[in-house]
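Here is a friendly walk through one protein model, with the cut-offs spelled out as we go. Have the viewer open and follow along.

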Amino acid sequence: MMDFQKPTSLAEQIADYIGKKIIRWEIQPGERIREALIAEELDVSRSPVREALRILEKNRLVELHPRKGARVTPVSTEYIESLYDVLTELLGLVGVKCTENSTPDNLKPIQEAMEKARDCAQAGDTAGYNDAVIQYGLACLAAAGNPLLEQMIFDLLPGIRRIFYATFAYGKEDLRKNAAVVQLGTRYIRDGNAEMASKTVREWIQNEKTIALRLPLPPKESF
């Protein structure tokens with residue numbers, strides 16, 4: 001499975017710092033990111049901040065506009081619909097391939113991530129639940145054994161993290177129900193029922209899409 005590389009350069013560390021704020025909606029969609037303020041806050045020069053913003057642009061979390069600066073990529077209903085429709089197909093395939101190719105060794109991290117998600121849901125820990133669900137998906141992706149599928153999902157991962165964080169926070173009272181679906185999908189994977197594993201994740205994604213479309217999206221900030 002593809003692994004996340006820990007930030008090594010200063011620019012990567014800054015990108016990780018800003019990226020987490022964007023994913024957690026501490027910096028709102030459409031909001032301007034001012035290089036000078038970030039540099040002052042982190043006590044660094046503006047050069048690595050500028051490089052960090054280019055990294056975030058590749059991750060589709062930031063838009064760079066010539067002579068106008070950077071802003072957080074807006075979230076629109078069109079974006080949400082497109083993202084979830086693509087995810088439905090990709091994760092449905094993950095459900096099938098994960099079930100078909102799973103082994104006792106790669107079922108273990110799936111089970112562990114599912115248990116973590118369940119525990120976070122019971123505790124009402126939105127951030128922890130978001131991390132656990134992402135880890136669960138990555139464990140299933142590893143078990144699927146399809147490098148091209150991995151590449152496609154990893155390319156979307158920053159956006160997935162951002163939207164999932166918002167939907168889980170918005171539907172915090174339903175985290176336990178959400179976790180129950182993850183548990184159900186795990187049972188189908190463990191039982192070798194690829195059809196139901198795929199059906200479960202596809203229905204789960206479409207339900208999350210419905211929640212995401214209800215999010216109170218902030219207005220776009222103009223330059």
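## Salt bridges

Eleven salt bridges are present in the structure, where a salt bridge is a side-chain nitrogen of Lys or Arg within 4 Å of a carboxyl oxygen of Asp or Glu. Before going further, please keep in mind that this is a predicted model, in which local features need pLDDT of at least 70 and side-chain atom pairs count only at pLDDT 80 or more, while totals for chains, interfaces and linings use all residues. Residues are numbered from 1 along each chain as its sequence is written, and side-chain values use heavy atoms, with hydrogens and water left out.

Side chains of opposite charge can pair when their charged atoms come close. One of the salt bridges links glutamate 63 and arginine 71, at 3.0 Å from N to O. How accessible are the two partners? Arginine 71 is buried at 13% relative accessible area, whereas glutamate 63 is partly exposed at 25%; buried means under 20% relative accessible area, exposed over 50%, and partly exposed in between, with a 1.4 Å probe and protein chains only.

Another salt bridge joins glutamate 26 to lysine 21, with 3.4 Å between the closest N and O atoms. Here glutamate 26 is partly exposed, with a relative accessible area of 47%, and lysine 21 is partly exposed as well, at 22%. Arginine 118 and aspartate 119 also meet in a salt bridge, at 3.2 Å from N to O. Arginine 118 has a relative accessible area of 27%, so it counts as partly exposed, and aspartate 119 is partly exposed at 39%.

How many aromatic pairs does the structure hold? There are four, counting rings of Phe, Tyr and Trp (its six-membered ring) whose centres lie within 6.5 Å; planes under 30 degrees apart count as stacked, over 60 as edge-to-face and the rest as tilted. In the pair of phenylalanine 164 and tryptophan 204, the ring centres are 5.6 Å apart and the planes stand at 90°, so the pair is edge-to-face. Because phenylalanine 164 lies in helix α7 and tryptophan 204 in helix α9, the pair ties together parts that are 40 residues apart in sequence. Helices here are DSSP runs of H or I with at least four residues, numbered from the N terminus.

## The largest cavity

Trp204 turns up again among the residues nearest the centre of the largest cavity, along with Leu91, Tyr136, Gly137 and Val201. A search of the whole structure finds one cavity of 30 Å³ or more, and the volume of the largest cavity is about 410 Å³. On a 1 Å grid over the protein atoms alone, a cavity is a set of points where a 1.4 Å probe fits but cannot get out, and a pocket is an open set with protein on both sides within 12 Å along at least five of seven lines; lining residues have an atom within 4 Å of a point. Grid points are joined across faces, edges and corners, and a volume is the space filled by probe spheres set on the points.

The lining of the largest cavity has 24 residues, with α4 (77–101), α6 (126–144), α7, α8 and α9 each supplying at least two. Its largest share, seven residues, comes from α6. By class, this lining divides into 19 nonpolar, five polar and no charged residues; Ala, Val, Leu, Ile, Met, Phe, Trp, Tyr, Cys and Pro count as nonpolar, Asp, Glu, Lys and Arg as charged, and the others, Gly among them, as polar.

## The second largest pocket

The second largest pocket contains about 170 Å³ of space. Its lining has 13 residues, with Asp174, Asn178, Asn207, Glu208 and Ile211 nearest the centre. Helices α7 (147–170), α8 (175–191) and α9 (194–212) each give at least two residues to this lining, and α9 provides the largest share, five residues. The lining of the second largest pocket has five nonpolar, four polar and four charged residues.
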